[in-house]
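Here are my notes on this model, as numbered points. Please read them beside the sequence and the structure.

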Amino acid sequence: MFLKGIPASPGIASGKAFILDSETLAILKKEIPERDLAKEIARFEEALIRTRQEILGIQEHISEQLGIKHAEIFNAHLLVLEDRTLIEEVISRLKKELLCVEYIFDDVLKKYIDVFSKVEDEYLKERVADIRDVGKRVLRQLLGKKRETLADINEKVILISYDLSPSDTASLHKKNVIAFATDIGGKTSHTAIMAKALEIPAAVGLKTVTKTVKNGDMVIVDGSNGIVIVNPDEETIEKYRRERTRLEEQETILIKIRDLPCVTPDGREIDLTANIEIPDEIPSVKSHGASGIGLYRTEFFYLDRVDLPTEEEQYSAYKNVAEQMTPNSVIIRTLDLGGDKFLSQLTTPREMNPFLGQRAIRFCLARPEIFKVQLKAILRASAHGKLKIMYPMISGIEELLAANTILNEVKEELREKKVSFDEDMQVGAMIEVPSAALTADILAREVDFFSIGTNDLIQYSLAVDRVNEKIAYLYEPAHPAVLRLIKNVIYAGHKANIWVGMCGEMAGEPAFTILLLGFGLDEFSTSPVNLPRIKQVIRSVEYKAAQKIAEEALTLSTGREVEEYTKEKLKELVPNLL
Ligand code: PEP
Ligand code: MG
């Protein structure tokens, strides 16, 4: 059995499948005879008791593994289980309506969630995530379903699931997950980005992988091609074994070019930097020869937890990264929550279009008390290395000015308290919204650099949801509209004497390197694994030749034509591309 999806993270792995079941539970509205009422109430009470035992068990496990503080998070879950109002409402409705308890409990729960989501009180709002989680556990007990969790995995497995939340993905490296495959998701979904960061082969957007694969099946995940093979024959296993050896050999050769300068044969120097999500990735950043960090995504700090990260906690992480990377620079991107990354602590009412909602800088400007904690931590850490800061999702000059005003307020506070920080720290804007790309000349007056976030720029300019596999074919980095926006941003930046980089996935695809080089891009920032190949292209192609190719590409009418053309040029100019 062979499934073809979307390549999310390169590499090949084979092993036993582990299905992580994260389906929405199907609940039927079933009538019950009056004589079964007592049985139904007993079933409910039993489910509450069993859920309580389940949570206490998790609490104990977490307390042993991570300490009591992390285990206390589950106290809030236990409180939900003991909520008299909720329990009494379920029982009184049971008696009145004579419907099965799953249905009534689910209905009462939905009302609670609805009410809590709308209140202004932050504390109550935070309870929504707890209620959802506990409610699901009780329903699973009632329906006799068990959810395996990542914590249950204690052997090397290939994880198969409908989707993985970024926080699930963030906890993967601690577990024995050697690859994963999901039904939904696109190339630049944060789950895919995280997989690449952790160097775990992954295929996403496979549509039916959870239906096709059974627990314990032998599977091969070919993350480079987005392929999953279920119960392969000996011949296939052997083929992939050879392919894996070949990839490992290639990696060794690639790493050899790590210490060579990143410069074109005619002398144009390019900054080649890495994207990271967690400080643990720094060894890989160094072993792949990055000259700094061009994007440090900080939102993973805020995920997978119910409290907010403190200033101290952030300060020590940023300081650690700054020190480890000295003398090279590190660009810290301020919080980019929303879109496909959510925070349980700040469970805000669901939005119809989260990618167009209160995301990234919009969230930070609406919650300056959270934003300031992060800015303070970054500024304090800037005394220990070469840090730069950039704001995500800037859509116009007003947002940029508002963010800078808050940054200046924080700087002033630190000066008053005589806390040292780098007064000359560069501040940049990510260009990932078409309105920003088109007004780059105006934005350039207020920043020291731009970094083009193509993952979002493509999604917003082509109106293609970056995580929707059904329309993935429309997600074209080389679409003429995208190319014109990129070219405009670089032109406007250079005219204002600021440097322009790119930190979206496009910067890591050799097929587009010559094109971007030709447009005059100053910095390429991408996952560490992509760096050696990008360097090989830059070291092989004259800047002058790249400019001509970029000019020619702009005369073509479709993304496909551009991609074919640039790939052809790549083959011609870098015939031995690894
Ligand atoms: C981008 O949008 O290109 C980007 C780098 O940011 P993120 O992928 O985190 O949204
Ligand atoms: Mg983005």
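1. Arg359 and Asp336 join their side chains in a salt bridge, at 3.0 Å from N to O. The term stands for a side-chain nitrogen of Lys or Arg within 4 Å of a carboxyl oxygen of Asp or Glu. Both Arg359 and Asp336 lie in the loop between β11 (329–333) and α13 (361–366), so the pair ties together parts that are 23 residues apart in sequence. Arg359 is buried, and Asp336 is too. Buried means under 20% relative accessible area, exposed means over 50%, and partly exposed is in between, with a 1.4 Å probe and protein chains only. Helices (H or I, at least four residues) and strands (E, at least two) are DSSP runs, numbered from the N terminus.

2. A word on the source. This is a predicted model, in which local features need pLDDT of at least 70 and side-chain atom pairs count only at pLDDT 80 or more, while totals for chains, interfaces and linings use all residues. Residues are numbered from 1 along each chain as its sequence is written, chains are lettered from A and ligands numbered from 1 in the order in which they are written, and side-chain values use heavy atoms, with hydrogens and water left out.

3. How many salt bridges does the count come to? It comes to 35. Arg415 pairs with Glu423, their closest N and O atoms lying 2.9 Å apart. Arg415 is partly exposed at 34% relative accessible area, and Glu423 is partly exposed at 43%. Salt bridges with shared partners also link Glu299, Arg333, Asp336, Arg359, Asp456 and Arg466 into one network.

4. The side chains of Arg242 and Glu238 meet at 3.8 Å, N to O. The two residues are four apart in α10, so about one helical turn separates them. An α-helix has 3.6 residues a turn, so residues three or four places apart point the same way. Arg242 is exposed at 52% relative accessible area. Glu238 is partly exposed at 30%.

5. Aromatic pairs number four in the structure. In one of them, the ring centres of Tyr296 and Tyr318 are 5.9 Å apart and the planes stand at 85°, so the pair is edge-to-face. Tyr296 belongs to strand β10 (residues 292–297) and Tyr318 to helix α12 (residues 311–325), so the pair ties together parts 22 residues apart in sequence. Tyr296 and Tyr318 are both buried. Rings of Phe, Tyr and Trp (its six-membered ring) pair if their centres lie within 6.5 Å; planes under 30 degrees apart count as stacked, over 60 as edge-to-face and the rest as tilted.

6. Two arginines sit over tyrosine rings. Arg268 lies over the face of Tyr543, at 4.3 Å from the ring centre. Arg380 lies over the face of Tyr315, at 3.9 Å from the ring centre. The rule asks for NZ of Lys or CZ of Arg within 6 Å of the ring centre and within 35 degrees of the ring normal.

7. Helix α21 (residues 531–540) has seven of its ten residues buried, so it is largely enclosed by the rest of the structure. Its buried residues include Leu531, Ile534, Val537 and Ile538. The cover over them includes α10, β9 (271–276), α20 (510–519), β16 (523–526) and α23 (559–573). Contact means heavy atoms within 4.5 Å.

8. Ser291 is in the loop between α11 (282–287) and β10. Ser291 is partly exposed, at 29% relative accessible area. Leaving aside residues up to four places away in sequence, Ser291 touches Asp271, Leu272, Thr273 and Asn328.
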